[in-house]
Every structure is written in C-alpha cells, then in structure tokens.
Amino acid sequence: MEYRVFDSASDASDYCADAMIALLNDRIRKGYSPAVAVSGGNTPKLLFETLLRKYGDTFDWTKAHFFWVDERCVPTENPESNYGAAADILFGKIAIPTGNLHRISGEADPETGAALYTEELLGFFNPGSQIPVFDLVLLGMGDDGHTASIFPGNMELLSSDRICDSSSHPVTGQKRITLTGTVINNASQVWFLVTGRGKAPVIKEIFNRSGNWMNYPASFIVPVNGNLFWILDAEASGELTD
Ligand code: 6PG
C-alpha cells in the first residue's frame with residue numbers, strides 16, 4: 001500500500017495541499033482543465049484552510065473544477081453540508097468561477113439530487129455515457145471503514161452500474177448522495193487523507209488485509225488504472241507497526 005505518515009494532521013494537510021496543487025498545475029500546464037472530487041466531514045476542513053492560506057492568491061482557480069464525493073441531504077446553509085463547509089472555509093474566499101464548483105443538490109430529495117448530479121457529471125466529463133475520470137478523488141475514511149457515503153451495509157455501491165446514488169448513514173439515518181465506487185475507482189489519482197487515533201485499528205486491518213477488512217468499503221477502493229495513495233498522520237497510522 002503506498003502511503004506516507006506525517007507527525008500531525010496539520011503536516012498531513014500541508015503535504016496534501018502542496019501535492020494537490022502540484023498535480024493540478026501539472027495538468028493545467030498540459031492544457032487540461034483538471035477535475036477534483038473532494039470529500040466532506042471534518043478532516044478536509046484543515047486541508048481547505050491550508051489551501052486558502054498557501055494558495056488562495058497564487059493558484060489559478062479558474063483553471064480547475066471541483067466536485068463533491070458525497071453530500072448530506074441538507075440545504076447548503078446547514079452546518080452538516082459538505083459543500084457549505086468547503087465554501088465557508090475556502091471556495092467562498094477565492095477567485096473561482098461559480099461554474100467551476102459542481103455541488104450536489106443536498107436540498108433536493110435524494111433520488112432527484114442523485115439524478116441531477118449524474119447529469120452534471122456526464123455533461124462535464126463527456127456528452128456520452130462514459131464513466132467520469134477524475135484527475136483526483138480525495139477521500140476520507142470513517143472509523144467504521146466507510147468512505148464517501150458508502151457504508152459497510154452498502155457494499156453494492158462499490159461496483160454499481162450507476163455513477164451516483166443515495167444512501168443513509170447507518171447510525172443517524174441521515175440521507176446522503178454519493179459517488180459510487182465505480183467512479184471513484186475510475187479516477188487517475190485516489191488519495192485518502194486520514195488522521196486521528198480513532199481510525200488506526202481500521203487502517204491496520206485494511207493495510208494488512210486482516211480482521212474485518214472485508215467489511216470496510218475503504219478496503220475496496222482499488223483504482224482500475226489510477227494510483228492509490230494514503231496520507232496519514234502518526235495517530236491514524238499508530239497500529240501499522242504493531
Ligand atoms: C462525509 C464524508 C465521509 C468522511 C468520513 C470521515 O460526508 O462525512 O465524505 O466519507 O470522509 O466520514 O469523516 P471525518 O473526516 O469527519 O472523520
């Protein structure tokens with residue numbers, strides 16, 4: 001498993017920000033308009049803060065497109081909204097055209113939101129019915145091994161014939177809309193940014209293919225042609241050496 005461990009969540013986010021901007025600039029230099037799908041939850045908030053601080057005024061945000069890996073089915077002003085949090089921390093504070101931000105309609109009912117996002121994805125990546133190829137998909141991981149909004153009870157979403165679907169959080173029942181594993185595994189680069197001691201036991205099982213690894217959706221993020229890379233802090237990687 002390709003991974004790097006950093007002393008702190010801050011160092012991990014710093015590295016992730018630098019690596020992301022380097023990747024995007026490389027694609028832009030080659031004449032592409034790179035597309036990134038970012039996750040929600042808490043971990044990326046530090047990354048978004050770092051991107052603003054280090055690259056808010058220096059990166060050409062007009063050249064890159066940002067999508068969401070998943071969304072909670074709430075309006076953007078709801079504190080639970082992944083788009084809302086990212087906009088508050090980063091996207092609302094930089095010179096990025098609204099047309100470069102492709103949010104999921106969390107305010108709609110899940111089926112409608114999923115259909116609208118599917119339409120947006122297919123319209124952007126190609127007019128055909130191909131599977132979108134993201135330049136980068138940035139994932140987090142829950143301490144139950146979920147990723148995106150693909151939870152242990154929704155393993156079928158990993159190889160769905162749909163590119164986007166709805167799901168429900170197993171504990172709160174919160175409705176979600178998520179990219180399927182079909183799209184995630186079709187990306188050129190898939191990076192996990194995982195920090196905190198709570199994730200260490202699952203990281204160990206996934207990396208060692210031991211214990212309950214088969215029950216974790218994150219275990220099955222295996223890019224078809226792309227590259228998989230884990231960016232961890234010392235706490236999240238704490239059991240790897242045990
Ligand atoms: C979400 C995320 C989800 C997240 C994990 C980890 O909408 O919550 O997309 O997949 O990455 O739940 O969340 P934390 O970063 O808050 O631990």
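**The ligand site and its setting**

Tutor: Val133 counts as partly exposed because its relative accessibility is 42%; in this scheme buried means under 20% relative accessible area, exposed means over 50%, and partly exposed lies in between, with a 1.4 Å probe and protein chains only. The model is predicted, so that local features need pLDDT of at least 70 and side-chain atom pairs count only at pLDDT 80 or more, whereas totals for chains, interfaces and linings use all residues. Residues are numbered from 1 along each chain as its sequence is written, and side-chain values use heavy atoms, with hydrogens and water left out.

Val133 is placed in the loop between α4 (110-125) and β6; helices (H or I, at least four residues) and strands (E, at least two) are DSSP runs, numbered from the N terminus. Its C-alpha atom is 5.6 Å from that of Asn186, although 53 residues separate the two in sequence.

The space that the ligand takes up is the largest pocket. A pocket is found on a 1 Å grid over the protein atoms alone, as an open set of points with protein on both sides within 12 Å along at least five of seven lines. A molecule sits in such a pocket if more than half of its atoms lie within 2 Å of the grid points.

Which residues come nearest to the ligand? There are 16 residues around it, and Asn42, Thr43, Asp70, His146 and Ala148 come nearest; to be near, a residue must have a heavy atom within 4 Å. By class, the shell consists of ten polar, four charged and two nonpolar residues. In this classification Ala, Val, Leu, Ile, Met, Phe, Trp, Tyr, Cys and Pro are nonpolar, Asp, Glu, Lys and Arg are charged, and the others, Gly among them, are polar.

For Lys199 the distance from a polar side-chain atom to a ligand oxygen is 2.7 Å. For Arg72 the corresponding distance is 2.8 Å. For Asn82, an N or O atom of the side chain lies 2.9 Å from a ligand oxygen.

Asn82 belongs to helix α3 (residues 82-89), and counts as buried because its relative accessible area is 5%.

Ala148, one of the residues that come nearest to the ligand, is found in the loop between β6 (136-139) and β7 (164-168). It counts as buried because its relative accessibility is 7%. Its phi is near 55°, a positive value in a residue other than glycine. Arg209 likewise is a residue other than glycine with a positive phi, near 50°. Arg209 lies in the loop between α6 (200-208) and β10 (227-233), and is partly exposed because its relative accessibility is 34%.

Asp165 is part of strand β7 and is buried because its relative accessible area is 12%. The side chains of Asp165 and Arg162 form a polar contact of 3.2 Å. Phe192 is in strand β9 (residues 189-194) and counts as buried at 0% relative accessibility; its C-alpha atom is 9.7 Å from that of Ile221, 29 residues away along the chain.

Two further buried residues complete the account. Ser237, in the segment after β10, is buried at 9% relative accessibility. Ala17, in helix α1 (residues 9-29), is buried at 0% relative accessibility. Ala17 and Gly123 are 28 Å apart, C-alpha to C-alpha, and 106 residues apart in sequence.

Conventions
Polar contact = N/O pair within 3.5 Å; in protein donor to acceptor, adjacent residues only side chain to side chain. 1 Å grid on protein atoms, 1.4 Å probe; cavity = no way out; pocket = protein on both sides within 12 Å on 5 of 7 lines; lining within 4 Å.
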